[in-house]
Every structure is written in structure tokens, then in C-alpha cells.
Amino acid sequence: LRSRLADYQLLGPAGPSSDSWLATAPARIGISEPVVVTELAPGDWPARAARLSSLAAVRSPWLPRLIEAGETDEEDGPVAWVVRTDGRAPAVSGPASDPESVLRGLAAAARGAHDLHEAGWVHGDIRPGAILRRGDDTLLEPPIRTVATPGRTIPSGVTPADLDPLDPATVWGEGPSRSSDIWALGATAHRLLTGTHVHPALPDDPIVTAVQRVLVEVPVVVSSLPAAVAELLRSCLAPDPADRPGTAADLADGFTRAAGR
Amino acid sequence: MSDRLEVLPGAGTVLRHGSIAVWIGPAASPALLSFLVQSADNVGASAHGGLQIVDHIAGILSSRDPEPGAPFGVIGPSGTTWITLLHGPVQLWDGTRWLAPTPQPGWLRAEVQPQPAVSIGASGGSSPRLVADSPYDLRAGTVPGGGMILVPGAGRPTRAERSPVGAGPTPAPTPLPSAATGPRPVTDPGTVIDFGTVVDAGPAIDSGPAIDPGPAVDPGTVIDFGTVVDAGPAIDVGTATAAGVPAPGSSAPPVGPFAARHWSALRDGTAAGPPLPTGGRVTPADRPQVTGVRCIRGHFNHPAARTCAWCGRAVTPGQPQTFGPRPVLGALIADDGATWRLDADQVLGSDPTTDQGVATGRIRGVVLASAGQLAPSHAEIRLSDWAVTLLDRGSAGGTFVVQPGATGWTRLTPYQPVVVPAGSHLSLGQRVLTFVSPWP
């Protein structure tokens, strides 16, 4: 395990299943609170830096701010990294004990996604671990990996849990879009509210079979959810993107209304 | 002397912020115009503003092209040269050669050396004339215009020492592509740059060695989006202090207590792009046209489809066949779950960027990691009508396929394309990929 990356002192994983690090920022950054460092494979630097810089221009109260990015030579070779302000993913276990609070958090995440969409970015990696908490606030993790590695619909080393929020239209259709992020928000909401996946019982091995199943399988919304919430999630998971909420902001309004019931 | 920017008559918009000049065609959306204005404003004061804005836009376009048909051209300085990004039906003349994105729609990033000036305008635009000592000069702002001529000022990178305006002979221009008609352009020494005839956006346009699709930054340099600076000497992590380290975003070298190969401040990122489109799925109209049938909701499907791949509704047998842009033909799923969409031809290998088609953006590269014998450009996927074909690029390790119902692997004959039906498994360099498709 690393203890340093560039001049950041790494404190530990940024979440229960996170591949990012909580870190102490060096004095030059001027931030006393912990920051989060995401490690990436090096490569394609000028274009990657340009994309990250454009992503950093998105101003949203529902997104952590990007601070800096770099490539450095570490003990085990060159490493690329991106640093953002704090915000950590809590562990997801069973059904939400406070569904109204979860729905309000999902509304915040959806508004973060909408701000990305309005700035021309698809998130492409919305999942339970991308819903972050910072104090009383809920934030959406910036799509650092998606932006750093464009063109790939599913990355290497995925698990069945990673596949659950995948809109088949991401693969069959014309790539990630507003509507595929809305699908992912719906699947993520289902996981956080019920503790279960919309593609239950995907096989771990071989992963190819799991990918094939999520591409053709109809997602399942559990019947124990309140009717209005279940209907909202089903609309997110509709096969035809035209049947889903038009924008993530519309979905955020739906989450907010559901939280107020 | 500062650069001079002459606005040409016609439809469109010309804008200038500092060293950045942009022409935008009338087909561009207000959101795209706003994006370009803001981006140019952000970097216009930088000596490397051209590199910054071009890489910024190229970064967005490499992920997604929101308006493939919108013509625009951006030019700005990059140290000792000029750099341009041309998008859509647009053309550039630098005094000796034409540049235009090919194929269309598409975009092109290139370095140029004004000889002695650069003109940018719509493909097929009228012939602009550069007049020495012209009083017309857009110093800053956004105005209507059908194109522009940029005349670098003294000290700017040009080849004016060889062909100054108003003095001395100018090198003969590179001949126009044979597909063009009418008189070829002639550069009148010092007075006129003649666009000549319509530029065909086909492959005959000079897109040769001057076009650099790769990174414009040498290894070892650092981008901070305020300037391009040298990384400076590496500092020992164990002994260096943070004292004297500049804040991110400053123009000073980011000499931190780490040996940076690259570094970029992000806190003051450049402008974000235009909003994503809303609504349902839309297949880009520039895809090859194929025959198919439509479901009751109008979704375009394979002619043999019985169920709509988009909405799941039944497709009534006997539906009349129509033409439409070809949808995604399926996906390749690797043995580690990594998945690639089959919406374009692809080269598979350990480093497909070495392939010229991949390097120029004509073909997509799929990088596979393998402990086996995997060539940099090992095999190729080609899409034709509704069919997916696999071709071995003469690799030493070979490419193998097992089709549905077959019992063993078959090695492909090099350079002999083979149609692979959905459900086929492909093997190269000890990696196995599965082709899946929603189509019959």
C-alpha cells in the first residue's frame, strides 16, 4: 500500500470499496482539510489534461472541486493521479433506514449530474460509491475515470456490482448520454433504498456472462418500495430512453417529491 | 507590431481574444459559439493560447462531437509556431497548402506556418484577397464575418523572412487536389492570397506530414493551462520542502517536492462544453446508410428483426424496408469484462496507436494487455452493412475464431476478412473476446 503519492500523504481508502485515497494535501495547495487522490494508469497526457481541465470548469454545489492532476515517478513506476476536494462514499449495506434522507441525497446527486450534462459531460460512472457525503451534504463524485479514459463502455476488472447501473443503451446505443446517467441514477437509487440490485444474482465468474446478462436482462424493481418511488425508478430503467425522465434535473425533482411524502 | 485579423464578408462569425482567432460558420449553435468565445477569452492572453484551446477542444471532440456538421476554425500561437483546429466543412490556406478535415464530418488539428498569412473560411467559400497595409483589423471582440485572414505581427512565427508581405518572391503554392476545378490558387507576392477554387474535402487534400494528430507537447514538458513550462529538475522527495512551490494555476514552473512528468492545475479549468442533447436515442446521421425496418415507434432495426432492439415492441413481419443510419452493430466483451462498442472499424493490439488509421482518428484503437504474443496492431474489426468482419493483420501469434456451434478454434488466414456472427469468440495474444449483438 502506498503511503505517499507525489507530495500527498495518503491516509487510507476514501471509501469502503473506493479506489481513491484520502490524503493530506501539501502546504502549497492551501487546503487544510483532507483531499481525495484518484490513481490512474499513465498515458495520453495532453488530451487527458485538457479534458480534466474542461471538467474542472463545471461549477456545481453538488460536485467536489478538482484541484490538480499530474504524472509522477513512484517506486513502482509512473503513476497518474487527480486530486479533488473531500467527499466520501459511506458503506452500503441493507435497505435504507432513513429513505427520505437517501432520496434527498439522490436528488443532490442528480442535480450534480444535471450540471455536468449542461456543461457537455456525461458522467458514465454513477453507482452507489459515487454518492458522496461531506458533512451534511451529498455530492456526486466527478467522473474522473470516465473523462480520463474515453471511448470504453465497460472498464477492465469489473464486478457484477459494477455492472448493475449499466444502461444497455450505453453499449447498444450511441454511447453514454443523459439518459444512461438517468438509468444509472435509478439503479443506484434502487440499491441504496432497498439494498438489492436491479440485476440480482449476476454470476461472478465468468464476468463475460454477467456482462451479457445485463445487456439483455430486464431490470427488476422490488415490490416493497412505495408505489411512487417504484414508478419513478421504473421510468429511469425504461428500455427506451425516450420513456425516461427528460433530464437529471427532472429526476431530482422526482426524488425531492418522493422524499417529501 | 501586433497580429492583424481581417474579417471577410459572408455568413458566420469571427471572434478574436488576444492571440486567438476563430471563425464559426452559420450552422453552429449559439451554445457552440458561446463556448468558443469563452474558451478564447480564457486563453487569449497566453503565449501558448493556441495549443491550450486546440488541445482543450480536441479533448472534448475525442470523447464526443456535439455538432459534427458545424464548421469552425480556431488558430493561435504555440511558442514558435501556430496551431489550428479545423472542424466540419471548413478550409485553411497558409500560403502554400490547403488544409481541411477529411473525411467529413471530422476535425483536424495541425501546426501551420503562415506564409505570410493564414486564411480560414467555409469550404467552397469565395476567394479572399490579402492586401498589404490593409486598414482592416479586428483587435478584439465578436463580429459577423464569412471568414478571416490572420497576418502575424513582427516577431510572430511566420516564414515571412522568406516571403515578406510586399517584398520578395513567395514560394509557389502546393497544387490544389485534382478533384478541385477552376484555376489553381496563386500567391501574389506580398499582395494577394487567392483561395482559388472550391476545396474538395476528399483525401486528395494535403493532409500529409504537417498534420500532427499526436501530442504537441514534448515528453518532459508540463502543461498548467496558463502556460507550457519546463518541468525543471527533479527534486528529491525525501529532502525537498514545499517552500517556494507556486500555487496551481500560476505560470511559474510547478517545481514541487516530487518529480513531475506532467502537471496541471485544474482549479481554474478552461470553459466547459455545450450542453448534451436531450431526448431519446439518436443515431448520428453520418453513419453509413443501410436498409432496415422500423417498429411502431419508428426505431430503426435490422431487416430480419422481429423485436425492436430499442423498445422491445414486436416488429410486424412484412414491414417495408427503409434506409437509415446504421446503429451500433454490437459489442466486444473481453475476458476481464472490458467492453467496446462496435460502431466503427477498430484495430486491436498491444499498441494500436502505431497504426496510421488509428493515429489519424480514422479507425478506433482497442488496447489489449496480454502476456501472450500480441502485436501492436494485431487484428482488425471492419463493419460492412450489418456485418462484422475480423481480419488478422499478419500477426506472428495469429488470430483465432470459434463461431457459434463450432467445436474448435480456427486460425484466420492473414489479411483475409471473415464474417463473424453474434456469439463468436475471438482469440488473439491469449486474450479472448466475445462478440455480442442485439441483431439477428
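## Chain A in outline

A residue is called buried here when its relative accessible area is under 20%, and by that criterion 60% of the 261 residues in chain A are buried. The model is a predicted one, and the secondary structure of its chain A amounts to nine helices and eight strands. Of the contacts in chain A that join residues at least 6 apart in sequence, 61% link residues at least 24 apart.

## The largest nonpolar core

The largest nonpolar core holds 52 residues, and the members that touch the most others are A:Val82, A:Leu103, A:Leu140, A:Leu185 and A:Phe255. Among the chain A elements that give two or more residues to this core are strand 5 (66–74), strand 6 (77–85), helix 2 (99–118) and helix 9 (248–260), while helix 6 of chain A gives the most, with eight residues.

A:Leu185 touches, apart from residues up to four places away in sequence, A:Ala109, A:Ala110, A:Ala113, A:Ile126, A:Ala248, A:Leu251 and A:Phe255. A second, separate core, of 48 residues, includes A:Val211 together with B:Trp310, B:Leu332 and B:Trp386.

Helix 6 and helix 9 of chain A pack with their axes 10 Å apart and at an angle of about 25 degrees; because angles under 35 degrees count as roughly parallel, helix 6 of chain A is described as roughly parallel to helix 9 of chain A. The crossing of these two helices of chain A is right-handed.

Where the two helices meet, A:Ile182, A:Leu185 and A:Ala189 come from helix 6 of chain A, and A:Ala248, A:Leu251 and A:Phe255 come from helix 9 of chain A.

## The buried face of helix 7

In helix 7 of chain A, which spans residues 207–216, the buried residues are A:Ile207, A:Val208, A:Ala210, A:Val211, A:Val214 and A:Leu215. Viewed down the axis of helix 7 of chain A, these buried residues fall within an arc of 160 degrees, and they therefore line one face of the helix.

The cover over the buried residues of helix 7 of chain A includes elements from both chains, namely helix 4 (160–163) and helix 5 (168–172) of chain A, along with strand 18 (331–334), strand 19 (339–341) and strand 28 (431–436) of chain B.

## An exposed proline in chain B

B:Pro277 is found in the loop between strand 14 (260–265) and strand 15 (289–294) of chain B, and B:Pro277 is exposed, with a relative accessible area of 57%. Setting aside neighbours within four places in sequence, B:Pro277 is in contact with A:Arg178 and B:Arg64. The C-alpha atoms of B:Pro277 and B:Pro66 are separated by 8.0 Å, although the two residues are 211 residues apart along the chain.

Terms used:
Residues are numbered from 1 along each chain as its sequence is written. Chains are lettered from A and ligands numbered from 1 in the order in which they are written. This is a predicted model: local features need pLDDT of at least 70, side-chain atom pairs count only at pLDDT 80 or more; totals for chains, interfaces and linings use all residues. Side-chain values use heavy atoms; hydrogens and water are left out. A nonpolar core is a set of buried Ala, Val, Leu, Ile, Met, Phe, Trp, Tyr and Cys residues joined through side-chain atoms within 4.5 Å. Buried means under 20% relative accessible area, exposed over 50%, partly exposed in between (1.4 Å probe, protein chains only). Helices (H or I, at least four residues) and strands (E, at least two) are DSSP runs, numbered from the N terminus. Contact means heavy atoms within 4.5 Å. The arc is that of the directions from the helix axis to the C-beta atoms. Axes are lines fitted to C-alpha atoms, for helices over the stretch in contact, and angles run from 0 to 180 degrees between N-to-C directions. Angles under 35 degrees count as roughly parallel, over 145 as roughly antiparallel, 65 to 115 as roughly perpendicular and the rest as oblique. A crossing is left-handed if the near helix is turned anticlockwise from the far one by less than a right angle, and right-handed if clockwise.
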